Amino acid sequence: MTKKFNEKAWHEYELGFMVSQPGCATEYRTGDWRSQRPQTNKDKCIKCGVCYLVCPEGAIVLAADGTYDFDLEHCKGCGICATECWTGCISMVEEGE
Amino acid sequence: MAKRVGIEVSLAISEAVKLANVDAIAAYPITPQTHIVEHLSELVADGELDAAFIPVESEHSAMSVCAGTSAAGARTYTATSSQGLALMNEILFIIPALRLPVVMTIANRALSGPISIWNDHSDIMSVRDTGWIAIFAENGQEAFDLTLMSFKIAEDHRVLLPISVNLDGFTLSHVIEPHEFLDQAEVDKFLPEYKPVVQLNPDAPVSMGTVGIPEIFSEAKKCQDEVLKGSEAVIKEVFAEFGEMFGRDYKVVETYRAEGAETLLMTMGSVSETAMEAIDQMCDKDNRKVGLIRLRLWRPFPAEALRAAMGGIKTLAVIDRAVSFGGTAGPVAGEVRSALYSTDQAPYVASFIAGLGGRDITIDDFIAVVDQAEKMAAEKEIHQYKMIGVRE
Amino acid sequence: MENLNVYAAKLAPQQESLAPGHRACQGCAELLAARLVAKTLGKDYIIANATGCLEIVTSSYPHTAWEVPWIHVAFENAAAVASGVEAGIKILKKKGKYPVDRKITIVAQAGDGGTVDIGLQALSGALERGHDMIYICYDNEAYMNTGIQRSSATPYGATTTTSPAGKASPLGQHTMKKNVVEIAAAHNIPYVATASPSYPFDLMQKVRKAADMPGPAYIHCFVPCPTGWRMAPNLAVSIGRIAVESKVFPLYEIENGEYKMTVTHKHHRPVIDYLKPQGRFRHLSEGNIAEIQQQVDKSYDRLLKKVKMSQIELD
């Protein structure tokens, strides 16, 4: 069983305490930070991809139907996607609704 | 096939770096290190050394570039002195934490102010706690040999720490001495190619230098400390192997006429050779029981070897060539006292500061130091340190 | 390589090498810019990062958001470390210890503080030595990571924690933003450009161009910081756009000394459109704003003159 990072003995860490698992930051759920969440009206979505391109988290992913879905584990609810969306089909709703 | 050559010590060091087939050199000129890097850039320009010579715009960048070249997997070398060492201070702490085996020559020179280009140990003493391995050379042959050995020690997978080879600026770096060079075939047999454990390579992406959160910082420092302490064993191994292959033996603590001595004089660096003359005079002419002890290895501090070399002496007179202002002793004397404290029959440790900023320590000075130390020991004088050779 | 000339987000490169889960503030344009750089360069690049927001949020042990080799050493030496990585790989290739045909782009990343102030020396050295690398400055106009203190990239009239607008000193920052783009250009390097994540394709094209051109390249990236500029987090991209539209941050490139605008507008917005949404300019008087408009106009005109001069030489 692998020990948690704050349970290892001093000699059980990598050389120079480097991190050799690329992109392992995804383990950290920044989605827990948000107080509002994006929601798309898929009927109005023109599949332009602007939201995907301007998300600072990279938390917008291409869906099978060509529209875009939100990675809610990481979305911080900043609202840039809603602001930049060309048709205004993304709205920010309060978390917990 | 050994060649014996009369050459300036700086150039002998450059020859060692060339024989080590270094990949990258990033250095900034500062007196009295200049001849080393000048000769290295000549060697590169003439195609005799296949290395990248990066003429950086400051010592801080020199060590930063070294971090980059070493992390990329290149065998890396630099050299500096005094103010240059002070300027790269910030980065010096980071190199061992990243486990980068950079080799650096320090041509020891006094730290400003006032500004001085002359020799003392204030520069190396100011970086004592940076986590580097530090070794002292007393003559040109040692400077050549130790430079070659440094790559092997630093790059050993059990070590992977940076190492400084210290030699006295001007008084050693700029003198012409006889050196027995090794040829390339011999060096290649002794020093294999550098095989990094990890390097910056897109095929296996790593992040080096991540944020050391409190949950792991203590473990990181403990790890560094244990590796540094453990490097003494590797150093001894490399010394032994060098001795076997090339017939010159090095020890972490060296003694001279110490058997049967009641008083030992301790020095570091090239003044040791003058001190040996003083010892000879005291023993042969005046029938005194005095010997010389030198710390070749400064970091990790060879405490066990030091204790083992005491042999029941009564007095140890330590000559430091740097001041710890308002402190308890010269830097070396303080560590020596600390290592000997609480041992059975610990000798009286007298701390003297001499030879600052290029001031010579003469044979008579050494004799006076021994006289004074023995008197202080007999009187059990409580003291911190005494600066000698100063006009009052 | 995918077609970056078609300004269709749908056709942007799909690859990502900066993973989510980093700890930037919500709405951080610096991380957006870094993500776009990563998207352009893919997997075959190595980063030397200076201390700052980007470094801290992406490398909190035990996590890293980076999917490429990445090294952080200190604050002022991103350019020097990158120089070392570049020179190291170059010599290893020459000595047969690294695959020769492997094209790896070396990138130095730093904030405005780590570039324009404490990092200026290392940057200058790296550019002068001609290393084949890209230096990207992510400029959010203050030392944001340490708490919004002024840098020499902080613009005239902005309030920061160390240039606050106070009773005795009502302006806030009273010096002009240091023009490090011109400083970089003065080193006669092949490529210098300004960029903004509000114009993602312009940014990605410039990064691609910089990577493909041998020698040093400098890209100055304008990255609004909602936290430090005192704005709502959803405005980072739109305020960046207004900065370009109001001539506050023109988008241009200098290729071998020749100036060229890469984004132009027929009509420009008044500078007040840019200043008003930001809390850091809230203290400015009408007189200050008029002064800033004059400065912006003058600067832009001077830039246009250089563009014109470049066109003349080409004839």
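Taken over C-alpha atoms, the centres of domain 1 of chain B and domain 2 of chain B are separated by 28 Å. The model is predicted, so local features need pLDDT of at least 70 and side-chain atom pairs count only at pLDDT 80 or more, while totals for chains, interfaces and linings use all residues. Residues are numbered from 1 along each chain as its sequence is written, and chains are lettered from A and ligands numbered from 1 in the order in which they are written.

Domain 1 of chain B spans 3-246 and domain 2 spans 255-387; these bounds come from an automatic or database domain assignment. Their contact takes 26 residues from domain 1 of chain B and 19 residues from domain 2 of chain B, where two residues are in contact if their C-beta atoms, placed from the backbone, lie within 7 Å. On the domain 1 side, α6 (122-125), β6 (133-136), β7 (163-168) and α9 (214-246) of chain B each give two or more residues. Of these, α9(B) gives the most, with 5 residues. Helices (H or I, at least four residues) and strands (E, at least two) are DSSP runs, numbered from the N terminus.

Chains C and A also meet, with 33 residues from chain C and 33 residues from chain A in the contact. On the chain C side, α1 (29-41) and α9 (236-245) of chain C give two or more residues, and α1(C) has the largest share, 4 residues.
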